[in-house]
Amino acid sequence: MKVAVVGAGKVGAMVAVGLVYHGIAREIVLVDQDTARARGVALDLGYAAPMYPEVDVRAGTTDDLAGAGVVVVTAGLNEKAGGATDRSDPRGRLRLLDHNAGVFRDVVPAIAAAAPSATVMVITDPPDPLADLARSILGHDRVFSTGTVIDSLRFRVRLAHALGVTPRSVHAQIIGEHGTSGVFLWSTAAVGGVPALHLAERAGHDVDRFRAEVERAVRYANIDIIEGTGASRYGIGAVAAMLVRCVARDERTVLPVASHRPAWGTTLSLPSVLGAGGVREVIEPAMDDAERAALEASARTLREAASTVLV
């Protein structure tokens, strides 16, 4: 499959790395308004390509999106450059929406023209309302965002560290917005079938404090990373490559990506069957009353944000 990555900055480059290392694409095209940057990333990565499954990596223009089965969009202002690193700002990543919506109004029509049959995955922050905007421009539903997959992984890792187990044995997810209103599904978070909070209490933790500390660490993990490296890129790059694989191989893996849900009136993350063409089915999870109310609030936040950029 041919995969195009629009935006060859820190995140876009890491997406391409993951695609090469895991042998997901036969052809990778990097497109960026900074053509020298796209060419540099393609050259650098191309020199490593002989060590991995056969792949052609090159830079191109929007015309070279033609024939792509998946287009990954990372173009736009990142959190650090856009000033979205204030833990006290309830807008979080939504602070970037106005600027990055302008980028999408330039980029997405070119995708529609060159690759009308492609499945489009949005990574650019804030990904959920931007996926709504992309969907409205493209005129089809083969659009999804990376949603809360990375958030859910962070949740699992934090729980695992606190409980002394491997993250592979933790089942936990976050739904709703990839942002400050994301909903932690504590009611179904479990290790080996045992509720995570029961294990925390058994280990001597104050449950309320345990929850608060885990939520804070996960909710602001991006800022912690940015303060150390300047950009959150490695985790989301790996996640994006995995999601492309799910689409390219029609894996039908269940993951909390975000797609437009008419019942909620917006694009938001729910457990979704991801395969050829993007989201094939959504499985609404069990929630307690507080979690459902929080999801309704998160959906409202996303609807209000999207309404400011949708025509």
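Q: What should I know about the model before I start?
A: This is a predicted model, in which local features need pLDDT of at least 70 and side-chain atom pairs count only at pLDDT 80 or more, while totals for chains, interfaces and linings use all residues. Residues are numbered from 1 along each chain as its sequence is written, and side-chain values use heavy atoms, with hydrogens and water left out.

Q: How many helices and strands does the protein chain have?
A: The protein chain has ten helices and 16 strands, where helices (H or I, at least four residues) and strands (E, at least two) are DSSP runs numbered from the N terminus.

Q: And what is its radius of gyration?
A: The protein chain has 19 Å, which agrees with the value near 19 Å that a compact globule of 311 residues would have; the radius is taken over C-alpha atoms, and the globule rule is 2.2 Å times the number of residues to the power 0.38. Along its principal axes, the C-alpha trace spans about 55 × 45 × 35 Å.

Q: What share of the residues is buried?
A: Buried residues make up 52% of the 311 residues, with buried meaning under 20% relative accessible area, exposed over 50% and partly exposed in between (1.4 Å probe, protein chains only).

Q: Switching to helices, how do α5 and α7 pack?
A: Helix α5 (residues 149-163) and helix α7 (residues 207-219) pack at an angle of about 135°, with their axes 9 Å apart. Axes here are lines fitted to C-alpha atoms, for helices over the stretch in contact, and angles run from 0 to 180 degrees between N-to-C directions. That angle makes α5 oblique to α7, since angles under 35 degrees count as roughly parallel, over 145 as roughly antiparallel, 65 to 115 as roughly perpendicular and the rest as oblique.

Q: Which residues meet there?
A: From α5 there are D151, R154, F155, R158, L159, A162 and L163, and they meet F210, V214, A217 and V218 in α7, contact being heavy atoms within 4.5 Å. By class, that contact has eight nonpolar, no polar and three charged residues; Ala, Val, Leu, Ile, Met, Phe, Trp, Tyr, Cys and Pro count as nonpolar, Asp, Glu, Lys and Arg as charged, and the others, Gly among them, as polar.

Q: Which residues of α8 are buried, and what covers them?
A: In helix α8 (residues 221-229) the buried residues are A221, N222, I223 and I226, and what covers them includes α5 and α7. Just after α8, G230 takes a positive phi of about 95°.

Q: What about α3 and α4, at what angle do they cross?
A: Helix α3 (residues 97-114) and helix α4 (residues 127-138) cross at roughly 35°, and their axes come within 9 Å. By class, the contact of α3 with α4 has 13 nonpolar, one polar and one charged residues.

Q: Where is the cis peptide bond?
A: A cis peptide bond joins D125 and P126, with omega about -10°, and P126 is found in the loop between β5 (119-122) and α4.
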